[in-house]
Amino acid sequence: MTQWDLTLLPAFEPGGDSSWTAPVKRSSGDLAVLQITVPLPVHHDHIPALQAWSGRGAVRLFAHNPAIRATLMECCVPGIDAADLAPDEADDVAVELLSQLWAVTPPASGLEPLTAAAVQRARVMEARADQFGDVVDPGPFREAAQLFTSLLASSARTVLLHGDFHRRNVLLSGRGWLAIDPSSMAGDPSFDVAMFLQHDMHNPATTTRVDALADRLGLERQRTRAWLFALATQAASWHLSIGDRPTHDAYSRAASTLL
């Protein structure tokens with residue numbers, strides 16, 4: 001790419017859902033990552049968050065061209081993600097990074113509130129309750145929809161959220177573990193903890209981790225459990241929508257122990 005004097009290397013595989021990403025070599029010889037995003041109906045701008053974090057707990061932002069939706073960022077080497085870490089190790093990393101990410105004051109502009117995403121999630125859950133009410137008990141779906149709105153109304157703390165904080169968005173670098181690919185929002189910090197745990201909800205033991213994480217991060221246990229219930233139930237409904245009843249059932253069983 002001529003604008004930033006970059007030499008493109010083979011793109012990362014598999015690619016992202018909403019972006020094309022590849023390692024590049026800068027004129028200095030250092031590695032970086034080039035990401036080009038695609039327009040989506042709902043889009044959370046990652047630039048304000050990366051600028052605010054300035055490398056604290058997240059990859060550094062080197063340059064951005066909004067006209068072509070291109071971002072040049074720090075490359076994590078060796079770049080392995082946290083997906084294969086044991087649960088206790090993964091939770092240690094989560095506490096380390098989230099403490100840094102939330103410590104930064106949210107930008108005054110350019111950041112979407114969690115409210116918009118939560119309202120959309122509530123609508124999805126109501127629709128799936130109607131769609132699948134003759135297949136499964138729609139009660140948990142409607143409870144999740146209610147929580148997505150009531151948790152916002154009762155939130156007393158607003159931080160700069162990562163917004164998509166799961167293990168594959170946590171990479172090992174020469175500077176330690178770093179968060180990548182934020183869907184940055186401003187809102188309740190318990191949301192990020194719930195996002196971190198929701199993909200592990202096929203394992204019933206995951207529910208025992210939520211209280212410990214809440215305590216270590218200074219969060220309310222019940223609020224964090226409620227966010228995890230809502231997100232895990234939404235994930236269960238998605239698996240049901242693609243015909244994966246066993247995963248839906250596993251997520252639902254684990255989520256039922258949270259409230």
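Predicted model: local features only at pLDDT ≥ 70, side-chain atom pairs only at ≥ 80, totals over all residues.
Student: Which residue in E5 is the bridge partner of Val-33?
Tutor: Met-73 is the partner of Val-33. Met-73 also has Leu-61 standing opposite.

Student: What about E4 and E5, how many bridges there?
Tutor: Four bridges join E4 to E5, residues 70–74, and the pairing is antiparallel. Asn-65 stands opposite Ala-70 of E5.

Student: How many residues lie between E4 and E5 in the hairpin?
Tutor: Four residues lie between the two strands. In that turn, Arg-69 has a positive phi of about 55 degrees.

Student: Ok, zooming out. In what order do the five strands of the sheet come?
Tutor: The order is E1-E2-E3-E5-E4, in an open sheet with antiparallel pairing.

Student: Why is one side of E1 and of E4 left without a neighbour in the sheet?
Tutor: Strand E1 (7–8) and strand E4 (61–65) stand at the edges and have a single partner strand each, so one side of each has no neighbour in the sheet.

Student: New topic: is E5 mostly covered or uncovered?
Tutor: E5 is mostly covered, with five of its five residues buried.

Student: And where do side chains point in a regular strand?
Tutor: In a regular strand they alternate between the two faces of the sheet.

Notes:
Residues numbered from 1 in each chain as written. Heavy atoms only, no water. Pairing = 2+ DSSP bridges. Buried < 20%, exposed > 50% of the residue type's maximum accessible area, 1.4 Å probe, protein only.
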